[in-house]
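My entries follow the order in which I looked things up.

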Amino acid sequence: MTASTPAPAPVATLGADDARRIALRAQGLLGAPDRRGGVRGVLRHLGAVQLDTISVLARSHELIPYARLGAVGRPAVEAAYWGAGASFEYWSHAACILPIEEWPLFAFRRRHYRERTHVWGKQVGEATYRSVLDQLRTEGPLTSTELGGAKKTADWWDWSDTKIAVERALAFGDVVCTERRSWKRVYALAEQAVPAGLFDAEPADDECLRTLVAQSGAALGVATRADLLDYHRLRAEQLDAVLADSGLVPVEVAGWGPAGAPAAAWADPAALAAAPRGRHRTTLLSPFDSLIWDRARTERIFGMAHRLEAYTPKHKRVHGYFAMPLLAGGRLVGRVDPAREGRTLVARQVSLDSARHVEALATALREAAAWVGCDAVRVEALQEESLRPALEKLLKG
């Protein structure tokens, strides 16, 4: 099926609120959290957790399990991700942490990179490439600095030949990153670091894609074709080749189309088996959270046009450097741009859709502060200043 091919008849018609609740439950933000599975359980369910260099309240990959599980210890979060052989880093939605069980599923992407023979538009000699692999074989896992240096100059992208070679090896699958030290990738030979049963598996492209599309559908609950493409950044022809056989079922969602018209979508059958019920999580969300990383989907489901403004000139920012949407009652009801000053969490800029969400805002700020080791909250710019007395009273309570 292609974008121009009529969608199959839907097996169900969903209201926009039904679809929103299904999406929240699928992302682990509605209902009882799976505390037994912990951080690794969150990672396995989502299938991918995006990485980013920005650290304000915390790094984004820490914020993902926090949003779902509450104030899980930050050292426990890091331990669950790195160095335990349970995950690896690769190109999915972006640079992501992935469950180690997904290593075979990205064989299609590794083969694609090998066919291109180079990555990032740069090339290095075969001797340099082999030298990097030999050094890792002899000395074990190393950072790019330990391999001989990451950059030729101080310019961010002026990589050394060694750094280009090891990143090429990472893309090809000769090397894997299963750990970070001080935010530096630690590279290891894949044949040594990936369990043999997974390393030796080389599923065909269609098998990889079919499984990843099914996994994306389960993590999203209900999704348009564009949503499914975006989750692991697939190409249209890749999705179209496997969508009909992925196990996802066609549905129609009211209000998801242009001008509020119904739209064709695909759902995980398990998501349709029972109505979403349970407690809604109240929390601040990373802009890179998989609930909202697709901006078009976020606006369609929640009615919020959210953009990361970290790379926008300061005088042009509307909501702040790292504005985090506030999730409460299953809706996005405001934004907070956080910072930390010693043991104080600073809300540099705050906006709310309604005064009735003040209590939810205070709850989210207090919990976030305690999680990162702060014992006070200070609110600087508040869009609606009349809310300040009530908010500050709740923050002190």
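**Entry 1: salt bridges**

I began with the charged side chains and counted 30 salt bridges, keeping in mind that this is a predicted model. As background, I noted that side chains of opposite charge can pair when their charged atoms come close.

I then looked up aspartate 17, which forms a salt bridge with arginine 20, with 3.4 Å between the closest N and O atoms. Both residues belong to helix α1 (residues 16–26), where they are three residues apart, about one turn of the helix. Which of the two is buried? Arginine 20 counts as buried because its relative accessibility is 3% and the cut-off for buried is under 20%. Aspartate 17, in contrast, is partly exposed, with a relative accessible area of 37%.

**Entry 2: pairs between distant parts of the chain**

My next pair was glutamate 367 and arginine 281, which form a salt bridge whose closest N and O atoms are 2.7 Å apart. I found that this pair links distant parts of the chain, since glutamate 367 sits in helix α15 and arginine 281 in the loop between α13 (269–273) and β11 (283–284), 86 residues apart. Glutamate 367 counts as partly exposed at 25% relative accessibility, whereas arginine 281, at 17%, counts as buried.

I also looked up arginine 343, which forms a salt bridge with aspartate 375, the closest N and O atoms being 3.0 Å apart. This pair, too, links distant parts of the chain: arginine 343 is in the loop between β13 (331–341) and β14 (344–352), and aspartate 375 is in the loop between α15 and β15 (376–382), 32 residues apart. Arginine 343 is exposed at 52% relative accessibility, and aspartate 375 is exposed with a relative accessible area of 57%.

**Entry 3: helix packing**

Two packed helices are described by the angle between their axes and the distance between the axes, so I noted both values for each pair.

Helix α3 (residues 60–69) packs with helix α15 (residues 358–371) at an angle of about 125°, and their axes are 12 Å apart. That angle makes α3 oblique to α15, and α3 passes α15 in a right-handed crossing. The contact is made by Glu62, Leu63 and Tyr66 of α3 together with Ala364, Glu367, Ala368 and Trp371 of α15. By class, I sorted the residues of this contact into five nonpolar, no polar and two charged.

For helix α2 (residues 38–46) and helix α4 (residues 74–81), the axes come within 8 Å and cross at roughly 50°. That makes α2 oblique to α4, and α2 passes α4 in a right-handed crossing. Val39, Arg40 and Leu43 of α2 make the contact with Val77, Ala79, Ala80 and Tyr81 of α4. The contact of α2 with α4 has six nonpolar, no polar and one charged residues.

**Entry 4: glutamine 135**

Last, I looked up glutamine 135, which is found in helix α6 (residues 126–139). What does glutamine 135 contact, leaving aside its neighbours within four places in sequence? I found Gly140, Leu142, Glu146 and Leu147. I also noted that the C-alpha atoms of glutamine 135 and alanine 188 are separated by 9.9 Å, although these residues are 53 residues apart along the chain.

Definitions and conventions:
Residues numbered from 1 in each chain as written. Predicted model: local features only at pLDDT ≥ 70, side-chain atom pairs only at ≥ 80, totals over all residues. Heavy atoms only, no water. Axes fitted to C-alpha atoms, helices over the stretch in contact; angles between N-to-C directions. Helix = DSSP H or I, 4+ residues; strand = E, 2+ residues; numbered from the N terminus. Parallel < 35°, antiparallel > 145°, perpendicular 65-115°, else oblique. Left-handed = near helix turned anticlockwise from the far one by under 90°. Contact = heavy atoms within 4.5 Å. Nonpolar A, V, L, I, M, F, W, Y, C, P; charged D, E, K, R; others polar. Salt bridge = Lys/Arg side-chain N within 4 Å of Asp/Glu carboxyl O. Buried < 20%, exposed > 50% of the residue type's maximum accessible area, 1.4 Å probe, protein only.
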